[in-house]
Amino acid sequence: MDIERVFEELGLSPYQAKALAAIIQCGEAKASDISRLSGVPRSKIYSVLDQLVNLGLIDKKPGRPIRYKSKKPEEIVERLEYNIEVEYRKRLEMFREVRDDLVDFLKRIYRPVEVESRELVKIVRVGVASIRETKLMYLEAKREIDIISKVFEYYPSVREELIEASKRGVSVRVILLGKRFLSGYSDEVQNRIIRSLREEIEGVEIRLSRGLLPLRGTIIDPSYEYRTGKAIFVVEDLRTPLYLRDAVITENPSLVAGMKKYFDLIWNYESNSVDFEQMG
């Protein structure tokens, strides 16, 4: 795993990513040692380390010299997730403040073309970008949300938006990968997510696939009349780590209807209900 690239995908700058990776590997060190290990210039290292401290990703130990200490891996991951959520809320609040003025301004400068073409799909990187798009889809959904996932491990990141959708009366169906295809750890994660969904999402329906899932993602408001719908999906590729894959987004009603048919076929003919007693 290219951990520096992962950190950058999660919102850190290149220097922050290099410094954090170096601190994690050595546990605790002086700024000069971190500069040497990470390749961050000495003229930049103190400001970069202070940024990581302010982000809650490392600890600063006073003394002569000052030393910097890595937090535990699970604490780092939790803090990264928290920082992403805070930044998302901040940006969303700012956007809502200027939304109406922005629409008015864009209308004044917009010059439509005579014949407007519509892209069939657009591509985003799996991770922060795909989570952001999924959240927006949950907020936009009016009737139906259909989710296909291995264990739905990203549920905590989209939880608030999915709860809000269910409270609006949007139906939620979830297909997860069958137990026989899961490792022990993945099975534990899936069980935990299933329990959370049952407790938090009103009227949620959950089934487990009998076979592998070639596509994973979310479909909202599909129509077999090809009138509405939006979908985001990832193609299963065992050779490529999930964080290096691309997600496909489409608002083409015909393509979304095809995804809906794929979902319904698995739901009706290639999946089983969840045995909650067996889960314990």
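The structure is a predicted model, in which local features need pLDDT of at least 70 and side-chain atom pairs count only at pLDDT 80 or more, while totals for chains, interfaces and linings use all residues. Residues are numbered from 1 along each chain as its sequence is written, and side-chain values use heavy atoms, with hydrogens and water left out.

Helices (H or I, at least four residues) and strands (E, at least two) are taken as DSSP runs and numbered from the N terminus. Two strands are said to pair if DSSP finds at least two bridges between them. On this basis, three strands form an open sheet in the order β1-β3-β2, and the pairing is antiparallel. β1 (28-30) and β2 (58-61) are the edge strands, each pairing on one side only. Direction ignored, neighbouring strands of the sheet are turned by 25 degrees against each other on average. For such values, axes are lines fitted to C-alpha atoms, for helices over the stretch in contact, and angles run from 0 to 180 degrees between N-to-C directions.

Strand β3 (residues 67-70) pairs with β2 over four bridges and with β1 over three bridges. Tyr-68 of β3 is the bridge partner of Lys-60 and also of Ala-29. Ser-70 in β3 stands opposite Ile-58. β2 and β3 form a hairpin with five residues between them, and Gly-63 in the turn has a positive phi of about 150 degrees.

Helix α4 (residues 42-54) packs on the sheet and touches β2 and β3, with its direction at about 115 degrees to that of β2. Contact here means heavy atoms within 4.5 Å.

The axes of helix α2 (residues 14-26) and α4 come within 10 Å and cross at roughly 80 degrees. The two helices, α2 and α4, are therefore roughly perpendicular to each other; angles under 35 degrees count as roughly parallel, over 145 as roughly antiparallel, 65 to 115 as roughly perpendicular and the rest as oblique. On the α2 side the contact is made by Tyr-15, Gln-16, Ala-19, Leu-20 and Ile-23, and on the α4 side by Lys-44, Ile-45, Val-48, Leu-49, Gln-51 and Leu-52. By class, this contact of α2 with α4 has eight nonpolar, two polar and one charged residues. Ala, Val, Leu, Ile, Met, Phe, Trp, Tyr, Cys and Pro count as nonpolar, Asp, Glu, Lys and Arg as charged, and the others, Gly among them, as polar.
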